[in-house]
Structure formats: C-alpha cells, structure tokens
Amino acid sequence: MKRLAKILAVATLLAGTTASAAEQPTIGYVDVRTVLVESKAGKQHKASLDVFIKDKQTAIKKEEDKLKSLQQTLEKEMLTLTEAQKQDKQRGFQEKVQAFQKLAQEAERELRQKDNEYTNKALEEVRKVIIDVAKEEKVGLVLGKTEMSVLYAEDGMDLTAKVIKKYDSRPAAKK
C-alpha cells in the first residue's frame, strides 16, 4: 500500500511537471526603434524634422554668407584703417561670429529637444500598445530587441509588425 502511494505521488509530480512544461510562458520581442521610425507617427515626425532642419539650414546658410561677405569687406578695408579702427572692426566681426555659432548651437539644441519630446511621448504610447498586443497574443514576456538583449530569436516571436499595426490604428495616429 505504501508502495502504491509512492508511485501515485511520483506520477502526480510527473504529471504536474509535464503540464507545467507544456504551459510555459511564451516570449516575444519588439524592436521599439523600428516602431518609432516605421510607424505613421514616426514617419510624420521625421518629415516634420526634415522641414525644421531645412529651415534652420537655410537661416544658418544665410548668416554664414553674410559673415563671409563681411570678412571679405574687412580684409579689403584693413589696408586703409588705423590700428584702433582695425581692432574695433575685428571685435565687431568676432561678436558676429559668436552670434552665428550661438545660432547654430541653438538650432541643434532645438532639434534634439523636438526629437526627445517626440521619443518620450511615443515611447509611453508604444509601451501601452505593446502591453495590448502581448495580452492579445497571450505572450507572457516581451523583450526589447537591441544588440545586447536578444541574441537570437525565431521570427514568430517578433511582435514589432503587430505593434506598428496597432499603434498606427489608434485614433490619434490618423491625424
């Protein structure tokens, strides 16, 4: 009788182990960078950044041309100016060069700020979409696909396309 109880206990343990092995959580991954770039919102963001960059480059080029012209004028005038006038003109030119550099730095800062604002807002929304897709697909664990976090994964585990599709189908994405 004790032997039968031991056999039943072992069989129960084995059955439980087999059942839990069959019910292992599924794992998926999402390339968040691809979602941010390939989604409708990402493409709209890139287009608006391209317009912003072009506008800033035009303004910077215009200022650069003015500086070059001023420099050429100064070089011609230097022969006829007194030492005090030369120093005054060079000081004025240096101030304009510094203002130009500040303009370029400000444009770069604005670009980074716009990109960071989009990324932070979009990441928050994408995380919610990832949770929805994971629940729909009954995925127990979703990893981010980067160089170091996912070294190998089967194609069927990639949820990126589904996340992009669901992210694009949101009402806010249809602007």
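This is a predicted model: local features need pLDDT of at least 70, side-chain atom pairs count only at pLDDT 80 or more; totals for chains, interfaces and linings use all residues.
Modeller: Local features need pLDDT of at least 70, side-chain atom pairs count only at pLDDT 80 or more, and totals for chains, interfaces and linings use all residues. Residues are numbered from 1 along each chain as its sequence is written, and side-chain values use heavy atoms, leaving out hydrogens and water.

Biologist: At what angle do helix 4 and helix 5 pack?

Modeller: About 115°, with the axes 9 Å apart. Axes are lines fitted to C-alpha atoms over the stretch in contact, and angles run from 0 to 180 degrees between N-to-C directions.

Biologist: Which residues of helix 5 meet helix 4?

Modeller: Lys162, Val163, Lys166 and Tyr167 do, and their partners in helix 4 include Ala122 and Glu125. Contact means heavy atoms within 4.5 Å. Asp, Glu, Lys and Arg count as charged, so Lys162 and Glu125 are among the charged ones.

Biologist: Which residues have the most contacts inside the largest nonpolar core?

Modeller: Among them are Val126, Val163 and Tyr167, in a core of 16 residues. Such a core joins buried residues (under 20% relative accessible area, 1.4 Å probe, protein chains only) through side-chain atoms within 4.5 Å. Helix 4 gives the largest share, seven residues.

Definitions and conventions: Buried means under 20% relative accessible area, exposed over 50%, partly exposed in between (1.4 Å probe, protein chains only). Helices (H or I, at least four residues) and strands (E, at least two) are DSSP runs, numbered from the N terminus.
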